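Subject: Structure handover

Hello,

Here is the structure for your files. My notes on it follow below.

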Amino acid sequence: MSETPKIRLRGLRKAFGEKQVLDGVDLDVRPRHSMVLLGGSGSGKSVTVKCILGLIPPDEGVIEIDGQDVAKLSRRERAALFDRTGMLFQNGALFDSLPVWENVCFKLLAQRRLTRRAARDRAAEVLAQVGLAASVGDLWPAELSGGMQKRVALARAIAAQPDIIFFDEPTTGLDPIMGAVIDGLIVDCVERLGATALSITHDMASARRIGDDAAMIHKGRIVWTGSAETLGHTGHPMVDQFANGSREGPIQMELRR
Amino acid sequence: MSRALDLLALVGRAAFAALGGAGRIAIFALVGLSHLVRPPFHARQFWRHFVEIAYFSLPVVALTALFTGMVLALQSHTGFSRFGAETALPSLVVLSITRELGPVLAGLMVAGRIGASMAAEIGTMRVTDQIDALTTLSTDPMRYLVAPRLLAGTLALPPLVVVADILGVFGGFLIATLQLGFVPQSYLDATWDVLEAMDVISGLVKAAVFGFLIALMGCWCGYHSRGGAQGVGQATTRAVVAASILILAFDYVLTAAFFKQ
């Protein structure tokens, strides 16, 4: 008997005005595996993740987490479910008005799971896991470089030890070395926590490093799923064109000349 | 006929849009307020905003009130002297300041300072995904961002208005005694004789309402800002303009309610 997917999407649809962004997304994410969702800009990757996280209500479709239909859960049950998730936003989305250590332990403090003194210690511990010194905890987000902000955002995503983590373009805007460092940290954190991960990226090197499985979304539909190792030589013309960054192929950019 | 109907339709649409907007703001306010009576409450956020409003707005409110009291004494004396009614000056200054000018001017100054800053901060949080981040960190943005600001605005304006009242009356006293020839003790006696508790209380109630409205419009405009830096800028402007108009409108409503003959 096959294992229940950690995340299961069926027929997910979402439109903004006239624009149909998601047009029937079907996707399974296996427990304790890392799935990478690929796709061009505007293909619906971020909207898919925001629908799963409850940030955007879908127009139609089913979202199941651990076999539970999220739409049928009570407010309390849904809150409990999302307590077990973590999210790394593309731009970090760190809170400017709080020092780094409070950002890292925000969830634990908000839920009164730790005292402020214990949260400081916990923040130092988690910052160490992402390769940052405890002294960084006393800085403000505006004082950090892009790479450090990403690492702090990663620390915040994992601080409450979630069992599902979402990563939105984790390496965007970073130099290749820092990108590889962040990817390595993501892999370490996901393995250490035994978590399930769903990452959005269009960085192929990053996708191969962090993904076990991969899926490609195009015009609001999943057009391919398979092993992340095969990216670039999947035999699927759309995926291979995307992975190899080729202008020639079935994906045509709508450019005015 | 058809032009008249078009005009009617236009007015109707505008009226429905205005009512819809007012309804959405009212629901937003009720949701924010509901978090004040349901734990947990973010006391640190409340205290941060209370200090920002009540303490850091003190200089601007104090100076505004002081100069307004001085100008009021000068202008009123010019008018009253034409009718030989200069002795009414202390009454006019204290009643104008405590009933109207103290709360309204403090409200307008705080609307410019705090309403704009709240809209800009929350608007920036909106366009940089920080509000979404709050949700993913199991924190209701209305509870964390809106409820503490609404309470801080409501509680911080009254003490500011007490200061504005004192300095406004003091400004009038300075001009009256140093420039217009009033005897200090007589001026103070006349001020105390005419002042009633309701004059001060009505001003403080107005202050609390204005503080709530400033925070509400700052939060509402920031929370619904869209589209990057330009959107945040527009939200900031809208927050200040809307709060200022609401302050003047509610000033009339509250004055009518308190001093209806």
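Contact here means heavy atoms within 4.5 Å. By that rule, 23 residues from chain A and 19 residues from chain B take part in the contact between the two chains.

Before the rest, some ground rules. This is a predicted model, in which local features need pLDDT of at least 70 and side-chain atom pairs count only at pLDDT 80 or more, while totals for chains, interfaces and linings use all residues. Residues are numbered from 1 along each chain as its sequence is written, chains are lettered from A and ligands numbered from 1 in the order in which they are written, and side-chain values use heavy atoms, with hydrogens and water left out.

The interface

Chain B and chain A bury about 1,700 Å² between them, and 56% of that is on carbon and sulfur atoms. Buried area is the accessible area (1.4 Å probe) that two parts lose on being put together, summed over both. Q130(B), T136(B) and L137(B) supply 32% of the area that chain B buries against chain A, more than any other three residues.

There are 2 salt bridges between chain B and chain A, a salt bridge being a side-chain nitrogen of Lys or Arg within 4 Å of a carboxyl oxygen of Asp or Glu. K50(A) and D132(B) meet through their side chains in a salt bridge, at 3.6 Å from N to O. On the chain B side, α2 (43-54), α4 (89-127) and α5 (130-136) each supply at least two of the residues that touch chain A. Helices (H or I, at least four residues) and strands (E, at least two) are DSSP runs, numbered from the N terminus. α5(B) gives the most to this side, with 6 residues. By class, the side of chain B that touches chain A has 7 nonpolar, 6 polar and 6 charged residues. Ala, Val, Leu, Ile, Met, Phe, Trp, Tyr, Cys and Pro count as nonpolar, Asp, Glu, Lys and Arg as charged, and the others, Gly among them, as polar.

Chain B

Chain B has 9 helices and 0 strands. Its C-alpha atoms fill a box of roughly 65 × 60 × 35 Å, taken along the principal axes. The peptide bond from P39(B) to P40(B) is cis, with omega near 0°; P40(B) lies in the loop between α1 (2-34) and α2 of chain B.

Chain A

Helices α6 (residues 146-158) and α7 (residues 176-193) of chain A pack at an angle of about 10°, with their axes 11 Å apart. Axes are lines fitted to C-alpha atoms, for helices over the stretch in contact, and angles run from 0 to 180 degrees between N-to-C directions. α6(A) and α7(A) are therefore roughly parallel to each other, the term for angles under 35 degrees. On α6(A) the contact is made by residues including R151(A) and L154(A), and on α7(A) by residues including I182(A) and L185(A). This contact has 8 nonpolar, 1 polar and 2 charged residues.

R13(A) forms a salt bridge with D23(A), the closest N and O atoms being 2.6 Å apart. R13(A) is in strand β1 (residues 7-16) and D23(A) in strand β2 (residues 19-29), 10 residues apart.

A93(A) has a positive phi of about 50° although it is not a glycine.

Regards

Conventions
Parallel < 35°, antiparallel > 145°, perpendicular 65-115°, else oblique.
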